[in-house]
Amino acid sequence: MPATADLAQPGILQPLPPLGRSLTFRLAGPDPRAALLRLRDTFEADWGIVGLGLPLIQALDQHVAGLRAFPALDGVGCSAPSTQQALWILLRGGDRSTLFERSAQLVALLADALVLDNSQDTFRYRDGRDLTGYEDGTENPQDNAAVEAALVAEGAGRQGASFVAVQRWIHDLSRFRGFPAAQRDAAIGRRIEDNEEIDDAPESAHVKRSAQESFTPEAYMVRHSMPWDDGMQQGTEFIAFGESSDRYENVLRRMLGHEDNIVDALFSFSQPVTGGYYWCPPRLGQRLDLQALAI
């Protein structure tokens with residue numbers, strides 16, 4: 001792989017872990033610099049992925065080219081809210097004990113400047129499927145193509161960085177399961193039994209709305225979405241890494257019908273309830289590289 005991959009936080013390009021925990025933090029103090037220094041010196045590369053939001057960058061009086069707040073967007077009968085926070089951390093692990101202990105350590109580490117706002121446990125379902133039963137991330141780019149899609153290619157303190165979009169979707173699985181089998185396949189645009197795309201799927205099919213190769217420029221991303229279930233509600237923690245936030249935003253706008261007033265059929269049984277953009281800094285050795293922020 002290109003040298004850029006060696007500078008990236010490794011979880012961006014690694015396969016999905018068995019378990020995850022998606023954490024967002026809000027600002028709680030005027031100067032988060034000391035907290036970021038502690039995070040840089042403590043957070044191990046194999047713990048997961050760290051993303052910095054615009055509120056945190058602004059609190060540092062710094063600028064990251066390409067970073068912006070997640071926009072609140074509307075479509076016909078659907079919407080994508082913004083719940084932009086200062087910091088996002090995705091913990092990756094193989095057991096809940098480790099996730100519990102690392103979460104507690106991070107909350108204590110950051111408490112004087114950044115307070116935990118939300119936490120969601122995620123898990124790998126079956127062989128990487130969404131809770132609807134359909135395979136997820138089927139068209140993820142691989143190898144060098146993944147590096148080109150997900151990582152910033154150049155720039156001091158920027159090479160190996162990535163921009164991530166994070167959205168929590170709530171599925172109405174009872175409603176989805178009540179659809180006839182043909183309608184379920186048509187909503188996704190794939191046949192569940194063999195994962196093959198349906199050639200004559202309606203234009204509202206999710207596969208057609210989000211086909212990454214159909215955008216100009218192409219909108220390939222590395223997606224690490226994982227299901228979640230709290231016993232009362234279920235859904236997907238959508239996580240997509242790109243060399244810019246434009247890639248995902250272009251897809252989302254089409255899903256909402258901004259191009260042609262055709263809304264993605266995903267909205268017939270699912271809705272996003274969070275939305276945030278974060279800059280995932282590169283690494284310097286085994287630590288986060290924050291030199292682009294004068295840290």
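Let's start inside, at Ile89, which sits in strand S5, residues 87-93. Helices and strands here are DSSP runs, numbered from the N terminus: H or I of at least four residues for helices, E of at least two for strands. Ile89 is buried, because its relative accessible area is 0%. The cut-offs: buried is under 20% relative accessible area, exposed is over 50%, and partly exposed is in between, with a 1.4 Å probe and protein chains only.

Some ground rules. This is a predicted model, where local features need pLDDT of at least 70 and side-chain atom pairs count only at pLDDT 80 or more, while totals for chains, interfaces and linings use all residues. Residues are numbered from 1 along each chain as its sequence is written, and side-chain values use heavy atoms, with hydrogens and water left out.

Back to Ile89. Which residues is Ile89 in contact with, leaving aside neighbours within four places in sequence? Contact means heavy atoms within 4.5 Å. The list is Arg21, Ser22, Leu23, Phe25, Leu39, Phe43, Ile49, Val50 and Leu106. Take Gly48 as well. In sequence, Ile89 and Gly48 are 41 residues apart; C-alpha to C-alpha, they are 7.3 Å apart.

Now the whole protein. There are 9 helices and 14 strands. The radius of gyration is 19 Å, and a compact globule of 295 residues would come out near 19 Å, so the two agree. That radius is taken over C-alpha atoms, and the globule rule is 2.2 Å times the number of residues to the power 0.38. Along the principal axes, the C-alpha atoms fill a box of roughly 55 × 40 × 35 Å. Of the 295 residues, 53% count as buried. Take the contacts between residues at least 6 apart in sequence: 78% of them join residues at least 24 apart.

Surface next. The accessible surface is about 12800 Å², and carbon and sulfur atoms own 48% of that. Areas come from the Shrake-Rupley method with a 1.4 Å probe; for residues, only the protein chains shown count as cover.

Charges. The protein has 27 positive and 41 negative charges, and their mean positions are 4 Å apart. Lys and Arg count as positive, Asp and Glu as negative; His and the chain ends are not counted. Each charge is placed at NZ of Lys, CZ of Arg, CG of Asp or CD of Glu.

How many salt bridges does a search of the whole structure find? It finds 20. The criterion is a side-chain nitrogen of Lys or Arg within 4 Å of a carboxyl oxygen of Asp or Glu.

One of them joins Arg26 and Asp117, with the closest N and O atoms 3.6 Å apart. This pair links distant parts of the chain: Arg26 is in strand S1, residues 19-27, Asp117 is in strand S6, residues 114-123, and 91 residues separate them. Arg26 is partly exposed at 38% relative accessibility. Asp117 is partly exposed too, at 37%.

Two further pairs. Asp127 and Arg129 meet at 2.9 Å, N to O, and Asp127 counts as exposed at 56%. Arg254 bridges to Glu259, closest N and O atoms 2.9 Å apart. Is Arg254 buried or exposed? Buried, at 9% relative accessibility. There is also a network of salt bridges, linking Arg68, Asp246, Glu249 and Arg253.

Last stop, Thr4, in helix H1, residues 3-7. Thr4 counts as buried at 8%. Beyond neighbours within four places in sequence, Thr4 is in contact with Val147, Leu151, Val152, Ala153, Gln159 and Gly160.
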